[in-house]
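Hi everyone, thanks for coming along. Today I would like to walk you through one protein model, step by step, so please keep the picture in view while I talk.

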Amino acid sequence: MTQNLKNLDLSIERDKKLYKKKLKVLQYEMLNAQQFLLNNKIGLILVFEGMDAAGKGGAIKRLIERVDPRGYIVHPISAPQPHELRYNYLQRFWRKLPQHGQIAIFDRSWYGRVLVERIEGFATKEEWSRAYEEINNFEKILTAGDYIIIKFWLHVSEEEQLKRFNERAQDPYKSWKLTEEDWRNREKTPQYIAAANEMFEKTDKKNAPWVLVAGNDKKHARVQVLQETLAHIEREAQKRGLHLTNVLDKSHLEDAESSSIGLQIHSKNTKK
């Protein structure tokens, strides 16, 4: 079934107290997974796309909060520099791939060709139309070797986005996050949603899947990103005849893990 943003339940929430316990368990598991990838020389590539103020930065922060900082790098992707325009648009991403055994996180990515470049007219229709196949081939080359890829789209409602924009504008510690471009992009939300849905249809592959994350509740988004990352690493390990074994002492987490069993997730639409 083709993924579509209209089917995403944005009303999901998580209990704050249980969230903290679950987060601790998942962050431990992520640290363990990092050591597994290092020991088996497998590179992990995580792509983050989504609406402005959807919580990509917060999700990335929790994902890497407890892992070995020597083993990952975060690439914040903005518009290409003038010298990069002399090359194929994928060239600058080839140069940012992680070493085998390392983790690379792309905060925005090569999907800009079929999103912002398409909508803003920075790429011709011919260029962005053929990019779907180019991107699929790019990712297939990587996952056929020693790389694992998983791609996240974090989504928020227009109402929640506006609320976060206004909060950023009033907070001196966050005002730098809000730009005139963010406001312009907001006016084009229907176009971005349409482009994203076409992107999912054409580039959601088993070797490099898209995971759509409801971001209205930040706690839920952060937990889901960690869970999906760990689950995909486990699946890809099994394909390679490996098992994501526990390489660290887990005894200190037993209480937290048992306390988080049955972590409550509920929808505002079902609350009484």
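Before that, some housekeeping. This is a predicted model, in which local features need pLDDT of at least 70 and side-chain atom pairs count only at pLDDT 80 or more, while totals for chains, interfaces and linings use all residues. Residues are numbered from 1 along each chain as its sequence is written, and side-chain values use heavy atoms, with hydrogens and water left out.

Let's find strand β5, residues 147–155. Helices and strands here are DSSP runs, numbered from the N terminus: helices are H or I with at least four residues, and strands are E with at least two. How many of the residues of β5 are buried? The count is 9 of 9, so to speak a mostly covered strand. Buried means under 20% relative accessible area, exposed means over 50%, and partly exposed is in between, using a 1.4 Å probe and protein chains only.

Now look at the side chains. In a regular strand they alternate between the two faces of the sheet. In β5, Tyr147, Ile149, Lys151, Trp153 and His155 point one way. Ile148, Ile150, Phe152 and Leu154 point the other way, and all of these residues are buried.

Who are the neighbours of β5? Two strands pair if DSSP finds at least two bridges between them. Strand β2, residues 43–50, pairs with β5 in the parallel sense over 8 bridges, and Leu44 stands opposite Ile148 in β5. Strand β6, residues 210–214, also runs parallel to β5, joined by 5 bridges. There, Leu212 in β6 is the bridge partner of Trp153.

A pair of aromatic rings is described by the distance of the centres and the angle of the planes. Rings of Phe, Tyr and Trp (for Trp, the six-membered ring) pair if their centres lie within 6.5 Å; planes under 30 degrees apart count as stacked, over 60 as edge-to-face and the rest as tilted. By that rule the structure holds 11 aromatic pairs. Why does the pair of Trp110 and Tyr111 count as tilted? Their ring centres are 6.4 Å apart and their planes are at 35°, so the pair is tilted. Trp110 is buried at a relative accessible area of 1%, and Tyr111 is buried at 0%.

Compare that with Phe165 and Trp183: here the centres are 5.0 Å apart and the planes are at 80°, so this pair is edge-to-face. Phe165 lies in helix α6 (residues 158–170) and Trp183 in helix α7 (residues 180–187), so the pair ties together parts that are 18 residues apart in sequence. Phe165 is buried, with 0% relative accessible area, whereas Trp183 is partly exposed at 28%.

There is also an aromatic cluster, formed by Phe93, Trp94, Phe106, Trp110, Tyr111, Phe138, Trp153, Phe200 and Trp210. Ile135 and Trp110 are 25 residues apart in sequence and 7.7 Å apart in space, C-alpha to C-alpha. Ile135 is buried, at 0% relative accessibility.

Next, the cavity. On a 1 Å grid over the protein atoms alone, a cavity is a set of points where a 1.4 Å probe fits but cannot get out, and lining residues have an atom within 4 Å of a point. Grid points are joined across faces, edges and corners, and the volume is the space filled by probe spheres set on the points. A search of the whole structure finds 1 cavity of 30 Å³ or more. Which residues line the largest cavity? They are Ala54, Gly55, Gly58, Ala59, Gly215, Lys218, Ala221 and Arg222. Helix α9 (218–239) gives the most to this lining, with 3 residues.

Finally, two backbone angles. Most residues other than glycine have a negative phi. Lys41 has a positive phi, near 55°, and sits in the loop between α1 (16–40) and β2. Arg108 has a positive phi too, near 80°, in the loop between β4 (103–107) and α4 (116–120). Lys41 is partly exposed at 46% relative accessible area, and Arg108 is partly exposed at 23%.

How values were computed: 1 Å grid on protein atoms, 1.4 Å probe; cavity = no way out; pocket = protein on both sides within 12 Å on 5 of 7 lines; lining within 4 Å.
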